[in-house]
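Have a look at the model first, then run through the notes below.

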Protein chains: 2
Amino acid sequence: MEERPVVVLGGGISKFAAERRDGTIRDWMVEAVQEAVQDAGVEIEEIEHATTSYFSDHFDKQLKQGAIFHDSIGMCPKPNVRVEGGGGTGGLALRNAYAYLKAGLCDSMIVYGAENMGRHVPSDVSQQFIAMASDTDWEYLVGGFYIAYYAVMIQEHMRRYGTTEEQMAMVSVKNHRNALHNPKAHGPMKITVEDVMKSPMIAAPYKRLDCSLLSDGAACLILSTEEWAKKHAKSWQAKPHIYFAGTGCGTDFMRMGDRPRPNPGICHFRGKQVASQQAYAMAGIKNPLKEIDVAEIHDAYSGVEIQSYEDLGFCKHGEGGRLLEEGVFDLGGELPCNTSGGLIGFGHPVGATGVAQGVEIMLQLRGEAGPGRQVKGARRGLMDSHGGTGTFVAVNIFERRD
Amino acid sequence: MEERPVVVLGGGISKFAAERRDGTIRDWMVEAVQEAVQDAGVEIEEIEHATTSYFSDHFDKQLKQGAIFHDSIGMCPKPNVRVEGGGGTGGLALRNAYAYLKAGLCDSMIVYGAENMGRHVPSDVSQQFIAMASDTDWEYLVGGFYIAYYAVMIQEHMRRYGTTEEQMAMVSVKNHRNALHNPKAHGPMKITVEDVMKSPMIAAPYKRLDCSLLSDGAACLILSTEEWAKKHAKSWQAKPHIYFAGTGCGTDFMRMGDRPRPNPGICHFRGKQVASQQAYAMAGIKNPLKEIDVAEIHDAYSGVEIQSYEDLGFCKHGEGGRLLEEGVFDLGGELPCNTSGGLIGFGHPVGATGVAQGVEIMLQLRGEAGPGRQVKGARRGLMDSHGGTGTFVAVNIFERRD
């Protein structure tokens with residue numbers, strides 16, 4: 001029998017938006033935390049430890065923001081740790097909670113994440129900050145921007161496998177559509193493949209509607225040991241039981257020029273392959289497409305979702321686009337992906353993103369995702385969260401046991 | 001019997017300096033890692049996981065630096081996580097390694113930390129960056145600087161307990177003197193209490209020689225499970241066995257005005273009391289002064305060391321200064337503190353600092369600290385690492401078992 005099984009008690013998400021003018025980032029954080037605490041049916045005073053998730057000191061011009069969030073939600077003097085891994089920060093934070101709980105450093109853990117990167121940060125400034133997440137000694141100097149790195153990666157995928165711009169547009173259509181049923185989403189939209197194809201080109205083949213959103217927002221997830229849940233959490237009596245079944249992490253060379261070619265080649269995320277294999281081994285998953293019922297994918301750009309289907313082992317290399325066209329990843333398909341809307345439709349306040357993925361999967365496994373979004377009978381869900389051009393990847397798996 | 005005991009296999013430290021002009025931060029990191037790998041008697045290829053320790057994106061204008069260090073030392077595609085908690089970052093990173101190893105996420109872990117905050121960053125700029133680690137909505141705006149916060153805290157300690165400026169100067173004399181025997185130290189100096197008292201006043205009662213140093217540098221520690229050590233590490237055969245015996249973490253309100261008065265009052269670090277009590281409970285320590293043989297203390301300013309003696313429970317509140325005068329914390333005393341020189345004599349490249357504390361304690365427990373610095377027969381050592389004005393505190397304890 002598994003020792004100290006880790007369970008998911010409750011979650012909360014603030015409204016994600018292009019610009020929240022109500023309060024500051026700490027207020028949005030409180031909004032998410034209050035929702036999570038209520039959902040879990042616990043008192044904040046009972047929770048023993050925290051993990052803080054945010055990306056950069058730059059957006060908010062605030063160092064040591066973890067201490068401020070921790071203070072704002074009433075967790076002092078209890079322990080806290082901030083983790084960070086670029087766009088993968090939230091996924092790493094969930095993995096961190098698993099580690100501390102499993103290690104016995106605490107029996108309950110609150111994970112809170114937020115980012116303040118919407119319109120209050122001028123877009124040239126936020127793009128520059130994000131560019132500083134490239135290698136500033138080698139890449140930044142030559143004008144490297146993230147969308148260009150990703151464009152190069154998907155161009156190679158198109159060349160090698162025949163992946164098409166229309167397939168990418170279909171990802172955007174799906175994720176914007178899914179977001180229509182998510183009341184917290186930043187970018188719900190009913191659009192067509194043609195709309196995406198006609199949107200302004202940013203870095204070929206990526207157009208504006210292929211891109212994820214710079215959002216303001218916060219998210220919170222509360223986890224504990226199974227034993228603690230039984231004693232402290234009202235949600236344990238009232239809700240289906242959700243377990244943390246697997247976690248993995250992988251990394252890759254910073255610069256694409258350093259990555260081994262032709263295999264895996266720059267069109268694949270090696271760190272994601274490593275991370276998912278670790279998580280599958282822990283969760284006892286052999287055939288991910290059959291054994292996973294719902295997944296949140298790091299769709300920083302539409303093509304990344306197609307690449308990720310493959311690197312997560314949902315299908316063979318080069319088959320992602322075709323399976324997408326067949327509807328495999330739509331709601332009602334074999335493995336619905338980004339039911340929340342993903343980074344493209346829901347939004348991408350970096351430190352909150354991976355935590356919000358966890359909340360979505362929890363809701364799906366409980367059967368609480370609501371009309372238009374719920375995957376029927378979902379029992380196992382995957383979260384895929386990555387930073388840089390796949391330099392930091394965390395994959396986590398929850399499952400319902402009852 | 002303890003399950004999956006965590007052990008310390010080896011460590012390395014780059015030269016700490018006011019300005020390293022040789023190479024970049026990644027080169028200093030490689031320097032520390034190579035020393036640690038050699039000391040541990042392992043191959044980097046064998047190590048399964050990493051924890052990255054650095055403070056801020058600002059000093060190096062590089063986001064996601066964890067990915068760069070990880071790549072530079074040849075760890076891709078293996079898992080990594082960056083942790084951060086201001087000045088307490090390094091101590092939190094060691095605690096993190098303990099959690100991941102204990103949880104079974106890996107059997108070996110490399111912890112590497114560095115900061116690039118020496119003279120290449122103009123001192124007004126680095127002070128401003130550090131000021132942004134105060135509450136930028138409430139404190140930064142009124143011109144709050146760290147030394148002033150600490151001055152206020154020690155003024156209250158002086159008022160309440162009669163702690164004197166001479167006692168603080170004695171901390172500085174001791175730590176600069178200890179650094180004379182540390183070949184990696186940034187600030188070794190043979191000085192007198194009078195020298196400290198005559199140095200320029202910065203924020204009363206703190207003078208220039210009461211302050212820690214802004215340094216360039218890196219440090220690395222390699223840990224594993226006991227079982228992994230037996231199979232993989234040459235140091236396990238060749239060296240005394242060092243175990244990770246306890247860890248704790250505590251936090252406090254960001255703003256001093258919010259802290260409960262009169263107890264603990266602004267002259268005490270509540271987070272440190274919490275953190276050390278957790279660590280003592282794990283390590284089975286009842287009387288720290290008697291049961292701990294050597295300690296590295298977070299002496300950001302000289303008075304902080306005196307406050308920390310008390311909050312770590314080495315003595316009662318108000319007795320720290322007197323015991324210091326009696327030589328209790330000198331080499332040869334009952335509990336030598338900051339044998340490395342501490343932040344004042346060794347230096348304070350933030351992300352490296354707490355990791356370097358771990359290396360010092362490992363060397364002390366092995367009996368390898370060298371002439372002029374070795375504590376005879378040391379078997380248990382404590383590391384105290386904190387951020388902000390004690391808003392994030394990590395306390396870790398190693399012990400020798402043979």
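**Domains and chain contacts**

In this predicted model, 35 residues of domain 1 of chain A are in contact with 34 residues of domain 2 of chain A. The two chains meet as well, with 52 residues from chain B and 52 residues from chain A taking part in the contact.

Inside chain A
- The domain assignment puts 6-121 + 215-238 in domain 1 and 134-213 + 245-400 in domain 2.
- Going by C-alpha atoms, the centres of these two domains of chain A sit 23 Å apart.

Chain B against chain A
- On the side of chain B that touches chain A, two or more residues come from each of α2 (57-60), α3, β3 (80-84), α4 (89-103), β8 (242-251) and α11 (270-283) of chain B.
- Here α4(B) gives the largest share, 7 residues.
- Strand β3 (residues 80-84) of chain A runs antiparallel to β3(B), and 3 bridges join them.
- In that pairing, A:Arg82 stands opposite B:Glu84.

Helix α3 of chain B
- This helix (residues 65-72) is mostly covered, with 7 of its 8 residues buried.
- Among the buried ones are B:Ile68, B:Phe69 and B:His70.
- Just after α3(B), B:Gly74 takes a positive phi of about 80°.

Notes
Residues numbered from 1 in each chain as written. Chains lettered and ligands numbered in written order. Predicted model: local features only at pLDDT ≥ 70, side-chain atom pairs only at ≥ 80, totals over all residues. Domains from an automatic or database assignment. Contact = placed C-beta atoms within 7 Å. Buried ≥ 20, exposed ≤ 12 C-beta atoms within 10 Å, placed from the backbone. Helix = DSSP H or I, 4+ residues; strand = E, 2+ residues; numbered from the N terminus. Pairing = 2+ DSSP bridges.
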